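This report describes one protein structure for a reader who is new to the subject. Please keep the sequence and the model in view while reading.

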Amino acid sequence: MKKITLPTLLVLAFCFFFSSVKAQDGYTYTLVDNGSYNFTIAAVPNASASNFASSVQSYGFTIILPDGVTASITTSLGSGASATFFDGNNVGQPTLDGYLITETLGSPVTLTAPSAGTNSSIVTIQINGSPTSGTLSILANDSALANTVTPLKSFMQADMIDDAMASFANVVDPNASGLSGTTTFDFDTLSTPSEELTSISMHPNPAKDIVYLNGLDASVSALEIYNSTGQLVVTKKNNLNTFNVSQLRSGIYFVKVYADNSQKTFKLIKE
């Protein structure tokens with residue numbers, strides 16, 4: 001990954017943010033925990049009745065990590081995203097580091113129409129070194145750091161207007177947070193799990209209908225199932241030893257089991 005200095009960041013500002021904003025019909029970013037230190041940053045459409053599929057030309061956002069923690073891109077919307085590292089010391093934040101992640105697509109990529117309310121995976125990252133303290137987050141556009149170093153702000157150049165013209169404008173509001181849903185992850189939750197969660201197992205996997213959780217005890221209070229773009233699709237708080245996934249579409253899901261102060265995530269393949 002490339003390293004960036006503060007002067008370079010300031011120059012980048014002129015490239016990203018001199019465009020109009022359609023805050024009433026745009027996007028925000030959210031963070032999806034895939035388990036095993038793997039995370040996806042997904043684009044969330046603002047509530048809209050538009051059936052016109054957005055066409056994305058470029059995008060960018062900043063992830064913040066504890067000082068010394070690194071990350072690698074595993075997949076991206078156009079398979080060509082780059083992550084530019086910056087040292088927190090260079091932006092007056094010695095306890096953190098970060099990456100400015102950007103991609104300009106050779107050919108615009110079409111997302112699902114906003115009316116569907118479907119999140120779109122943009123970039124997936126792998127956190128290196130298995131940290132057990134500190135926080136991963138997406139930088140908010142209205143944060144002090146983003147307003148001091150404006151190239152760190154999130155953006156997305158997209159065509160959202162059905163007018164037979166390819167007109168790309170920034171559809172992530174640079175003056176609001178530009179974020180929604182889950183935007184941070186606390187690595188403290190990945191420290192040694194409690195004994196009761198360590199003993200839990202799930203089967204069958206892959207599954208077509210009924211899935212079983214073994215090794216539960218009274219401390220386990222709920223389970224949630226998320227799809228691959230981070231949308232919550234199932235919540236259950238009773239009879240947690242089984243759950244039915246027959247109504248879900250085929251694909252990858254993440255089952256989160258919650259105890260008193262711990263959680264455990266399973267990756268589930270729905271056939």
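Ala 164 lies in the loop between strands E10 and E11 (169-170). Strands (E, at least two residues) and helices (H or I, at least four residues) are DSSP runs, numbered from the N terminus. Ala 164 has a positive phi of about 65° although it is not a glycine. Ala 164 is also exposed, with a relative accessible area of 85%. Here, exposed means over 50% relative accessible area, buried means under 20%, and partly exposed lies in between, with a 1.4 Å probe and protein chains only.

This is a predicted model, in which local features need pLDDT of at least 70 and side-chain atom pairs count only at pLDDT 80 or more, while totals for chains, interfaces and linings use all residues. Residues are numbered from 1 along each chain as its sequence is written, and side-chain values use heavy atoms, with hydrogens and water left out.

**Other loop features**

Asn 239 is found in the loop between strand E16 (232-236) and strand E17 (242-244). Its phi is near 50°, a positive value in a residue other than glycine, and Asn 239 is exposed, with a relative accessible area of 61%.

The loop between strand E13 (201-203) and strand E14 (210-214) contains Pro 204. A cis peptide bond joins Pro 204 to His 203, with omega about -10°. Pro 206 has its place in the loop between E13 and E14. A cis peptide bond joins Asn 205 and Pro 206, and omega is about 10° there.

Val 69 belongs to the loop between E4 and E5. Val 69 is buried, with a relative accessible area of 11%. Although Val 69 and Leu 96 are 27 residues apart in sequence, their C-alpha atoms are 8.5 Å apart in space.

**The open sheet**

Strands of a sheet pair through backbone hydrogen bonds, either parallel or antiparallel. In this report, two strands pair if DSSP finds at least two bridges between them. Four strands form an open sheet in the order E2-E3-E8-E5, with antiparallel pairing. Strand E2 (27-35) and strand E5 (71-76) stand at the edges with a single partner strand each, so one side of each is left without a neighbour in the sheet. The twist averages 25° from one strand to the next; for such angles, axes are lines fitted to C-alpha atoms, for helices over the stretch in contact, and the angles run from 0 to 180 degrees between N-to-C directions. Within this sheet, strand E3 (residues 38-45) and strand E8 (residues 120-127) pair over six bridges in the antiparallel sense. Ala 43 stands opposite Ser 120 in E8.

How much of strand E4 is buried? Eleven of the twelve residues of E4 (residues 55-66) are buried, so this strand is largely enclosed by the rest of the structure.

| Partner of E4 | Bridges | A bridge pair |
|---|---|---|
| E7 (residues 96-110) | eleven | Ile 63 and Tyr 99 |
| E10 (residues 155-159) | five | Val 56 and Ala 158 |
| E9 (residues 135-138) | two | Ile 63 and Ile 138 |

Tyr 59 has Glu 103 as its bridge partner in E7. E7 is also joined to E6 by six bridges, and these two strands run antiparallel. In that pairing, Thr 84 has Leu 100 of E7 as its bridge partner.

**The nonpolar cores**

A nonpolar core is a set of buried Ala, Val, Leu, Ile, Met, Phe, Trp, Tyr and Cys residues joined through side-chain atoms within 4.5 Å. Of the 37 residues in the largest core, Tyr 29, Tyr 59, Ile 63, Ile 127, Leu 136 and Met 156 touch the most other members. The elements that give two or more residues to this core are E2, E3, E4, strand E6 (82-87), E7, E8, E9 and E10. E4 gives the most, with five residues. Apart from this core lies another, of 20 residues, among them Val 220, Phe 243, Val 245 and Val 257.
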